[in-house]
Each structure stands twice: as structure tokens, then as C-alpha cells.
Amino acid sequence: MRSGNTLEDMLTLPSALRDEIVSHARADHPDEACGVIAGPAGAGRPERFIPMLNAARSPTFYEFDSMELLRVWREMDDRDEEPVVIYHSHTATEAYPSRTDIALAQEPGAHYVLVSTRDPDEVEFRSYRIVDGAVTEEEVRITADTGAGTGGPGVE
Amino acid sequence: MAIEVRIPTILRTYTGGSKAVEGSGATLEELFGDLDSRYAGLRERLQDESGLRRFVNVYLNDEDVRFLGGLKTPVKDGDTVTVLPAVAGGAR
């Protein structure tokens, strides 16, 4: 494992936020869905769900609209937040980063969550670190907390 | 002449960790050249032989420079240029 850096090796995510991601992915199927969960800078705690328009509107590609990207990134900066989770869905393939995902991952501090909606009954939900072209899968720990700073750390 | 250039996380290795730097030039192209003279290697992350890199977004104040003049976009004192890597990917 890595040592001497500040990356956590798991994603801790309130169940309400997981549900939001899955709902978004199902709603946009068969196009890929995408978005961000913002959280306080440096805390590694996802709190604020921000679904984004997939400007590509494609079943095999996603891209944040450039003006929405500017608006959301400025807003996070104003609120002293950072993108803790960047999520998107694959609609016919597994929830694993593709070569394109890896080549275009440019937020080294983010947890890249991948959802697959290829099965109508069972969604795949996995998370990764993508740094300098290297992919590391990490554990996803879903908590009962409702997120957005309400309540305590929650009970599993 | 000072133009503020806001640098995204992934490019701060070129600027010694700074999230904002200053530069000068009459166009975006000149500005990037000026920055590259002090932050070696930065320009190559922003442009290639065909112009602005496809998955790097550059904004002049509140506008995406793709809709202005690309690298030829005029810039002036007091402007803010913001660089944000695209957030993109997909199964393909």
C-alpha cells in the first residue's frame, strides 16, 4: 500500500448519497450519467451531491459541459470545497475504469466512482483512485448517515 | 501588465504549488509563452501542435475561449484566465 501520503484507501459514503448516484445513473440510462460530490477541502468527506449534464449525451462517453464545470468549480472554491467524488456510469460494460477514463482523469485527489447499469436489476457500484495513469480500486464503505453533515458518523 | 491565471490542482506542480500566477501578453498564445518562460513545461500541458488541448478548458473571465479566438484570443491587463481540466471519460 502507499505510505506517507494523505490519500485514504477507502471511500466512506452516506447511503443517501449512494442512492442519489444510482438513481441518476438509472434515470439517464442508456446514456452515461456523470456528476460530482463536493465536500470540505482537505476532509475527504463527500457531502454535497451535484449531478452534471453529460454534454456528450452518449452511451459510451461523458463530458461535463465546460460552462457548468466553471460554475461548479468556482462555487466549490467559494465554499472552500473540493470534488471528493467524481462519478459516472457505464451502461453496457463493467464498472471499471476504461483506458479513456484513465487517460482523462485529471483530479488526482478525487475518488472516481463507477456505476454500471448494464443489468436492469442489479447495479454495480465501485470506487477507484486514478493517479498518474495508475488505477487502484478501493473499498466503498456505505454508512447510514444521511450525509450533508447531519448526525454523527453513522452506524453500519 | 498583469493577467491573473488560475491554475488547476493537477498543474500546480509546474507553478511550485501556486493556484494563481501572473503573466503578460496580448493574446492567450503570448500569455502561455510568457508563463512557460517561468514555469517550464506548463505550455505543453495547455496546447499542442493543433492549438488548445482538447481536454483542457481555458476561460477568459467568464467565457470559454473556444468560442472566442482560441489561442488567438486577445487578453489585457486585469483579465483573469482560468484553466480547468475537462472532466470526461467513458466506456469507449
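User: In which sense do β4(A) and strand β8 (residues 88-89) of chain B pair?
Analyst: In this predicted model, local features need pLDDT of at least 70, side-chain atom pairs count only at pLDDT 80 or more, and totals for chains, interfaces and linings use all residues. Residues are numbered from 1 along each chain as its sequence is written, while chains are lettered from A and ligands numbered from 1 in the order in which they are written. Strands (E, at least two residues) and helices (H or I, at least four) are DSSP runs numbered from the N terminus, and two strands pair if DSSP finds at least two bridges between them. Over 2 bridges, β4(A) and β8(B) pair in a sense that is antiparallel.

User: Which element supplies the largest share of the side of chain A that touches chain B?
Analyst: Counting two residues as in contact if their C-beta atoms, placed from the backbone, lie within 7 Å, 26 residues of chain A are in contact with 16 residues of chain B. At least two residues of that side of chain A come from each of β4, α2, β5 and α3 (99-104). The largest share, 5 residues, comes from α2(A).

User: Which strands are the edge strands of the open sheet of 7 strands in chain A?
Analyst: The sheet has mixed pairing and the order β1-β8-β7-β6-β5-β2-β3. Within it, β2 (residues 34-40) and β5 (residues 81-90) run antiparallel and are joined by 7 bridges, with I37(A) opposite V85(A). Pairing on one side only marks the edge strands of chain A, β1 (10-14) and β3 (48-52).

User: At about what angle does helix α2 (residues 66-78) of chain A run to β5(A)?
Analyst: Axes are lines fitted to C-alpha atoms, for helices over the stretch in contact, and angles run from 0 to 180 degrees between N-to-C directions. Helix α2 of chain A lies across β2, β3 and β5 of that chain. Its angle to β5(A) is about 145°.
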